[in-house]
Amino acid sequence: MVERRDNPRLGAHLFRFAVISDTHVNPADDHCNSPFPVNARANRRFRHLVGELNQRDLDFVLHLGDLVHPIPASGDLYARAAQAYRAIIAELKVPIHVIPGNHDIGDKPGAGGPVPSTSMADIASWESEFGAHYTSFETGGMRFVLLNAQLINSGLPQEALQKDWADALLATGQRSVVALHHPPFICTADEPDHYDNLQQPGRDWVLELAARPGVELMLSGHAHNFWYDRVGKAEYYRLPAISFVRQDYSEMLRAAPGSETEFGRDDTAKLGYMIIDVFEKGHATQIVRTYGAERGIGEVSAAPKPLAPSPRISRPLIGFDLRQNWAELTEIAPSGALDEFDRKTARNDYPLMGLIEMGVQRIRLPLADLRDPLRRDRLDALVGLGLRPTLFCLGFPHDDGLSEIRRHAFDSIEVALPREHIPELTSLPQVDLPVFISPIHAHTQAENGIRKHTIEHGFEVTDTAILEHLSNLRDHGAAGFVVREFAGSVTVKWWQDVRALREKTDLSLSLHLRTGGPDPARETEDCSATLCALDILAQDVPEKTSIFVDRLITQDRGYFPRPGALCPAHNPSEISAAVARANSSKG
């Protein structure tokens, strides 16, 4: 676990807690009243989680609901599952705060759902097993408001009581967290009603609560996948599950689920929880994957893996070039299971989850992304999370591009120019950002009888004369230079030469590590060269240097097929672990 420490930007560290969701405990191990084999693993996975949490440095745990799998209408099964839950959680060494999910207390109101809506009898069943169905507590000056989401829009007498109670608690402007099982929305606040969001008017009420002064976080579960947004100034997380994945959302991925994953339901790399560090002036989050780890009765949970620091508090070493569509929307078709009468739109946030997990701050984006309103809006959310974007483009942006650039918080801009034009520069256009220059190389002759038809740019270690000219333009807008290299060509000697070049010019360096090889027709089949290069680069990084890996997602088709930090199913590869280690060394 990352050491508790104060942060120069966020102030004193106050406390740390874990957030878990959707444990779906059964009445007994290895059995479930469900047709899906993975559901029978829930107790063993929850038992492992408790053992893992006991090895983390935590002050408390927050559970976002669906503690058990049998619904209250199951009668004895529900009571026995509640007993099994209590037996497992009894091992937890820190306090836990819980709220009900739809399995615990009946579904949200509305026709067409798979189970009955919540009722006063269901609420009574929850209260007899677990206590209050909505509640609050306070620690470190932060108030936690835990809502019963299934009560919203129900028309039950308790709904008005909960609304008045929450309105009063969040009227003071005190620093607060709002937590509920059912997400107000999955993709956008104005999306149509479906099974996985709250209907109106309750949705607007919850979003108005989250947007109030002082509210810093909103947390929900239920959909068993990860998403991130902002509501007002509050960060809004939908958490993955501990037990299984909602396989209807596998449509977000560009790869078929593996044969061992039950068509996506047992895609174990997408199971996990969150750890949140709270500081005087903000918070930092980290994602923890459990990979479906299990523990039987009397067994011992394996030691948890160390975590990279959150993007908001890390001192970044390695960043990524976001070549894939990082704001892609996918339509989730009516499934015949939990949704039969609605379509749902979802954004694939697993690339973002991977960046958070690796402690990445720096990202590269093409200037073209600013022409897309969807990406522009999404960019503001990523910057709020702590990511620091660099733009890149061919030639200097025109006035219309500059006006859009100035609306967003970019770290720098990389401009590619024909190599022969760089010695002619006497000044650089004013863009109000540090400008990095990358020369474009023309292919004038064939190599071994084969003419390349690819775009190459970036300085080389022999380019001392042209870089000396660029360094003379430091007072006229030039901030740095770009070097690009294939991972297989990175050696200790090469890295020493690049570092010497940076020191000689006193310009900042943007280094692009290319995970493929020089042949666009040949696949780079493994990541060994990239791992070796990362190990070399991480040993001695000079000041004023940014390192970007050029593939976040493995490219399994097209030109230069090559490995990334996440596989096509957006699960971590060995590159992801190496980047997390490198960023941890600087955290």
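I take helices (H or I, at least four residues) and strands (E, at least two) as DSSP runs, numbered from the N terminus. The model is predicted, so I kept local features to pLDDT of at least 70 and side-chain atom pairs to pLDDT 80 or more, while totals for chains, interfaces and linings use all residues. Residues are numbered from 1 along each chain as its sequence is written, and side-chain values use heavy atoms, without hydrogens and water.

Entry one: the cis bond. I found a cis peptide bond from Gln-200 to Pro-201, with omega near 5°. Pro-201 sits in the loop between β6 (176-179) and α6 (202-210).

Entry two: the sheet. I count two strands as paired if DSSP finds at least two bridges between them. Five strands make an open, mixed sheet, ordered β3-β2-β1-β10-β11. β3 (96-98) and β11 (282-289) are the edges; each has a single partner strand, so one side of each lacks a neighbour in the sheet. I looked up β1 (residues 13-20) with β10 (residues 272-279): they pair antiparallel over six bridges. Phe-17 has Ile-276 as its bridge partner in β10.

I call a residue buried under 20% relative accessible area, exposed over 50%, and partly exposed in between (1.4 Å probe, protein chains only). Tyr-291 is not a glycine, yet its phi is positive, about 55°. Tyr-291 lies in the loop between β11 and β12 (318-321) and is partly exposed at 35% relative accessibility. Asp-506, also not a glycine, has a positive phi of about 60°. I place Asp-506 in the loop between α11 (492-505) and β21 (508-514). Asp-506 is partly exposed at 39%.
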